[in-house]
Amino acid sequence: MTADLPEAARPQSTLQLAPTVAPLLFSGPPHNLTGEIPLVNPGQAKQKLRSVGVKSASLMGAASLPLDEMPFFAKLYPGQQARVSGTMVVDPRTPPGSYDFELTLGDQTLPAVANVEEVVDLRLQPSQITLLAGGPGPYTRTFVAENKGNVDLPTGAQCDAPIFDSYDLPTALLIGLHEADKASIETMVKEVLLKWSEIQAGMLITKRAPITLYAGQKKSVDLHFELPHDLKPLRHYRASLQLYNASLFVDIYTTAKYGV
C-alpha cells in the first residue's frame, strides 16, 4: 500500500513549447476555438500534458471569469516533436474579431491569436403554437426569445409568412379530379389547377414591438398574429415563420364561425 505523493514530490513534466516564428492561430466560434500547439519532449521518458496556461487581457472563460488555463492533452515519447490540436472555450458572448493572447508552459511563453467567428443563434420558446381561428383576431402569444450567439440581433416590427392548406399536392389533385366536370380534359385540368392554387391560402402577418436582442440576452416578447379574412371554415392550415435561424411553426384551425 502506497500513499499519494505530495505535489512537490511528483515527477515534473519535461515537455516544452517548441519555438515558432509566427504567432499560433486559433479560430472558430467561442465554444470551439481550435489550433495546434508545438511541443517537444527532450527528456528520456514518456511525458503527458493535461493543460497549458493562458494569458489574455481581453478573453474571458466560458463562465465569464478570467481565462488562465486551457484543458489540453498530449502524450510524447522521448525525443518526439509534435503539433498537437487543442480547443479553447471562451465566453459565448465574445464578439467576433481577432484577440491576442499567450500560451504558457512553465517559464515558456508563445504568442497566439484567436480569430472568433460570428455566431447567430436565436432561440424561441415555444417553437410551435396553435391558433383556433373563430373570428377575425388578432391573436397574441407570449414567447421567450434568447440570443445564444455573439452578435446583437435587431428585430423589426413585422414579418409575413405564407399560409398553406394542410392538403398536399397529391390530395389536392385527387380532390380536383373528383370535383371536376368530367365532360372534357380541359375542365378537369382547370379544376386541378384551381385546387392547387388554393393550397397557398394567403399570408400570416406577425407584428411586435421592435427590439434589439443583445448577445446573451433573454427576453419575454409578445407576438400578434393577423389572419386573412377569407380562410375557409373547418379547415387546417400551416405556416412557418423564420427569424434569423429560429423557426416558429403555426397550426391554424378555423371554426365553423370563421369569416362570419
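These questions and answers cover salt bridges in a predicted model. Local features need pLDDT of at least 70, side-chain atom pairs count only at pLDDT 80 or more, and totals for chains, interfaces and linings use all residues. Residues are numbered from 1 along each chain as its sequence is written, and side-chain values use heavy atoms, with hydrogens and water left out.

Q: What makes Arg235 and Asp165 a salt bridge?
A: The rule asks for a side-chain nitrogen of Lys or Arg within 4 Å of a carboxyl oxygen of Asp or Glu. The closest N and O atoms of Arg235 and Asp165 are 2.5 Å apart, so the pair qualifies. By this rule the count comes to eight salt bridges.

Q: Why is this pair said to tie together parts of the chain?
A: Arg235 lies in the loop between strands S16 (218-226) and S17 (236-243), and Asp165 in strand S13 (residues 158-165), so the parts tied together are 70 residues apart in sequence. Strands are DSSP runs (E, at least two residues), numbered from the N terminus.

Q: Why is Arg235 called buried?
A: Buried means under 20% relative accessible area, exposed over 50%, partly exposed in between (1.4 Å probe, protein chains only). Arg235 has 19%, so it counts as buried. Asp165, at 7%, is buried too.

Q: What makes Arg238 partly exposed and Asp251 buried?
A: Arg238 has a relative accessible area of 42%, so it falls in between the cut-offs. Asp251 has 13%, so it is buried.

Note on methods
Helices (H or I, at least four residues) and strands (E, at least two) are DSSP runs, numbered from the N terminus.
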